[in-house]
Every structure is written in structure tokens, then in C-alpha cells.
Amino acid sequence: MRSLGQLREMLPGSFVERKRACGRPNCHCADGKNLHTQYQISVLVDGQPKTFNIPAALVEQVRQKIELRRRFEAAAANVCNINLRRYLKQKEKP
Ligand SMILES: [Zn+2]
């Protein structure tokens with residue numbers, strides 16, 4: 001795992017931004033316009049979709065860790081495609 005370096009920080013799922021009212025009648029959100037922003041991780045856990053709230057202090061960190069995983073997956077998918085094409089070519093040759 002050590003050689004994976006920064007990739008050890010990867011987080012699964014997607015980063016979700018939600019607007020919501022908190023329900024307190026005296027809050028600024030009660031007008032239905034100035035809503036609170038809640039950030040969440042949306043992820044499959046044992047095949048079930050789950051969402052987890054992200055505390056404000058961790059939002060930027062979580063956003064980056066999910067983005068890191070997206071880039072990693074995109075790069076891995078790209079390599080897999082190239083390798084599949086290589087394999088299919090190689091297989092044709094006697
Ligand atoms: Zn509120």
C-alpha cells in the first residue's frame with residue numbers, strides 16, 4: 001500500500017450538495033429561499049445506497065478525496081481499454 005502514496009486517501013461515492021430547511025421557525029431558512037447547504041457523501045455500502053453528512057470543516061478535504069478517486073478510476077479504465085485492445089491484437093497473431 002505504501003507505493004500507492006496519495007491514493008491511500010481516496011474516498012468512495014459521490015459528493016452531493018443539498019439545499020434544505022432546518023425546520024426552526026425563526027431561522028433565516030424559514031422563508032424557503034435562504035436555505036442551508038448540506039454536503040454529503042452518497043455511496044453504496046454493501047450494495048445499499050447511503051448518504052453521510054459532511055461536517056463543514058471536512059468539506060474541502062472530502063471533495064478532494066472523492067475527486068482523487070474519480071481521476072484514479074478514469075485513469076485505470078483508460079489503461080484497461082488500451083490493454084484490452086492490445087490483448088485482442090496479440091491473440092489474433094499465431
Ligand atoms: Zn434554518
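Two residues are taken to be in contact if their C-beta atoms, placed from the backbone, lie within 7 Å. On that basis, and leaving out residues up to four places away in sequence, threonine 51 touches Val16, Gln40, Ile41 and Ser42. The structure is a predicted model, in which local features need pLDDT of at least 70 and side-chain atom pairs count only at pLDDT 80 or more, whereas totals for chains, interfaces and linings use all residues. Residues are numbered from 1 along each chain as its sequence is written.

The chain contains 1 helix and 3 strands, where helices (H or I, at least four residues) and strands (E, at least two) are DSSP runs numbered from the N terminus. Read from the N terminus, these elements follow the order β-β-β-α. The radius of gyration of the chain is 21 Å, well over the 12 Å that the globule rule gives for 94 residues, so the chain is more spread out than a compact globule; the radius is taken over C-alpha atoms, and the rule is 2.2 Å times the number of residues to the power 0.38. Along its principal axes, the C-alpha trace spans about 75 × 30 × 25 Å. Buried residues make up 1% of the 94 residues in the chain, a residue being buried if 20 or more other C-beta atoms lie within 10 Å of its own, exposed if 12 or fewer, and partly exposed in between, with C-beta atoms placed from the backbone. Among the contacts in the chain with a separation of 6 or more, 46% are between residues 24 or more positions apart.

The strands form an open sheet of 3 strands in the order 1-2-3, with antiparallel pairing. Strand 1 (14–20) and strand 3 are the edge strands, each of which pairs on one side only, and the twist from one strand to the next averages 35 degrees. Two strands are said to pair if DSSP finds at least two bridges between them. Strand 1 and strand 2 are paired in the antiparallel sense over 7 bridges, and lysine 19 has threonine 37, in strand 2, as its bridge partner. Strand 2 (residues 36–45) and strand 3 likewise run antiparallel and are joined by 7 bridges, with glutamine 48 of strand 3 as the bridge partner of valine 45. Helix 1 (residues 59–92) lies across strand 1, strand 2 and strand 3 and runs at about 140 degrees to strand 1; axes are lines fitted to C-alpha atoms, for helices over the stretch in contact, and angles run from 0 to 180 degrees between N-to-C directions.

Threonine 51 itself counts as partly exposed, since it has 14 C-beta neighbours inside 10 Å. Its C-alpha atom is separated by 11 Å from that of arginine 18, which is 33 residues apart from threonine 51 along the chain.

Threonine 37, by comparison, has its place in strand 2 and is exposed, with 10 other C-beta atoms within 10 Å. When neighbours within four places in sequence are left aside, threonine 37 is in contact with Glu17 and Lys19. The C-alpha atoms of threonine 37 and leucine 84, which are 47 residues apart along the chain, are separated by 43 Å.

The loop between strand 2 and strand 3 holds aspartate 46, which is exposed, with 5 other C-beta atoms within 10 Å. Although aspartate 46 is not a glycine, it has a positive phi of about 50 degrees, and the hairpin of strand 2 and strand 3 in which this residue sits has 2 residues between the strands.
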